[in-house]
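Consider the structure below, first as a whole and then at one place where two of its elements pack together.

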Amino acid sequence: MPDIVVMFFVLGLLAGLLRSDLAIPKATYETLSLLLMLTIGLKGGMVLHGNLEWRLLPEMATVAALGALIPLTLYPFLKHVIGLSVANSASIAAHYGSVSAGTFAVALAFAESQNLTVGPEVTLYLVMLELPAIIVGLLLFRRFETQEGTQKQPSLKALWHETLTNKSVILLVGGVVIGMMYGTQQGSQVTSLLTSSFKVVLALFLLEMGITAARTLRPMPWHQWRLVLFALTVPSILGSIGVFVGMMLGLEQGSIVVLAALLASASYIAAPAAIKAAIPQADIGLAMLSSLGLTFPFNVIIGIGLYHQMTLLFAS
């Protein structure tokens with residue numbers, strides 16, 4: 001049986017496909033999203049309390065390098081095989097180099113349900129993958145887009161500001177810092193309620209994600225069949241790379257599953273906000289179709305369990 005939180009996503013997806021009037025109020029969704037980001041940061045920070053070591057630097061550098069390499073690798077495929085424009089190729093490459101915090105939360109819940117050991121540093125993977133991917137996506141666009149007839153692009157400094165001050169990044173990093181400063185015991189008066197209700201918040205968040213994913217699939221854009229195939233096949237490839245890299249780094253089994261899930265995921269919160277401001281020519285709807293409508297459901301329903309099986313297979 002899949003984890004119970006996954007079934008809330010399936011419920012939302014079915015409700016959306018059946019055109020039910022079920023809806024999560026926008027203000028409630030915003031609150032759930034903020035609580036989820038903050039709780040993820042706090043959980044990671046509390047585990048890092050007293051455990052932050054220099055040995056993590058090579059691991060973090062490797063993860064950041066992957067965040068930069070994924071969009072560099074995917075861009076030519078999106079441009080020349082899928083047949084997208086320069087703007088859309090750079091946009092979707094950045095989305096897939098970046099990460100899905102929702103997928104991360106589901107992967108954490110899966111690891112806990114399977115009693116897998118997860119390293120304290122996995123929350124840092126979110127930021128280490130997010131930032132390089134968005135920056136590389138913009139650099140690709142600037143490199144290959146002809147400037148004639150296009151709008152003036154924001155400076156690199158402005159993009160860094162947009163990315164670093166994104167609410168998801170602020171809450172994740174802030175939560176990590178606060179959790180790392182106070183730990184479980186000192187911060188329990190504030191953090192215990194958030195961490196104990198993590199799965200409840202995640203379940204409601206996934207219910208809304210299911211409804212939203214169904215909306216991006218109505219009507220099914222069969223004319224974009226190449227992009228549809230891309231969004232359903234590339235997660236397994238990137239997830240396999242994550243399993244391989246995790247094993248080479250000697251990570252715990254749960255950490256390997258989380259890393260694989262993150263590499264296989266695509267952003268639908270931070271990257272769309274940054275790319276929309278930085279590459280106005282890009283069709284964010286296409287990015288949301290592939291990342292939220294197709295890749296996110298694949299990872300939540302099939303992918304995370306698949307990456308776990310890969311770790312078991314490679315370890316045997």
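Of the 316 residues in the protein, 55% are buried, where buried means under 20% relative accessible area with a 1.4 Å probe, protein chains only. The model is predicted, so local features need pLDDT of at least 70 and side-chain atom pairs count only at pLDDT 80 or more, while totals for chains, interfaces and linings use all residues. Residues are numbered from 1 along each chain as its sequence is written, and side-chain values use heavy atoms, without hydrogens and water.

The C-alpha trace spans about 60 × 45 × 45 Å along its principal axes.

The protein has 14 helices and zero strands, counted as DSSP runs (H or I, at least four residues, for helices; E, at least two, for strands) and numbered from the N terminus. Of the contacts (heavy atoms within 4.5 Å) between residues at least 6 apart in sequence, 87% join residues at least 24 apart.

Two packed helices are described by the angle between their axes and the distance between the axes. For H4 (residues 86-97) and H13 (residues 270-278), the angle is about 150° and the axes are 9 Å apart. Axes are lines fitted to C-alpha atoms over the stretch in contact, with angles from 0 to 180 degrees between N-to-C directions. H4 and H13 are therefore roughly antiparallel, the term for angles over 145 degrees. Ser-91, Ala-94 and His-95 in H4 meet Ala-271, Pro-272 and Ile-275 in H13.

Terms used: Parallel < 35°, antiparallel > 145°, perpendicular 65-115°, else oblique. Buried < 20%, exposed > 50% of the residue type's maximum accessible area, 1.4 Å probe, protein only.
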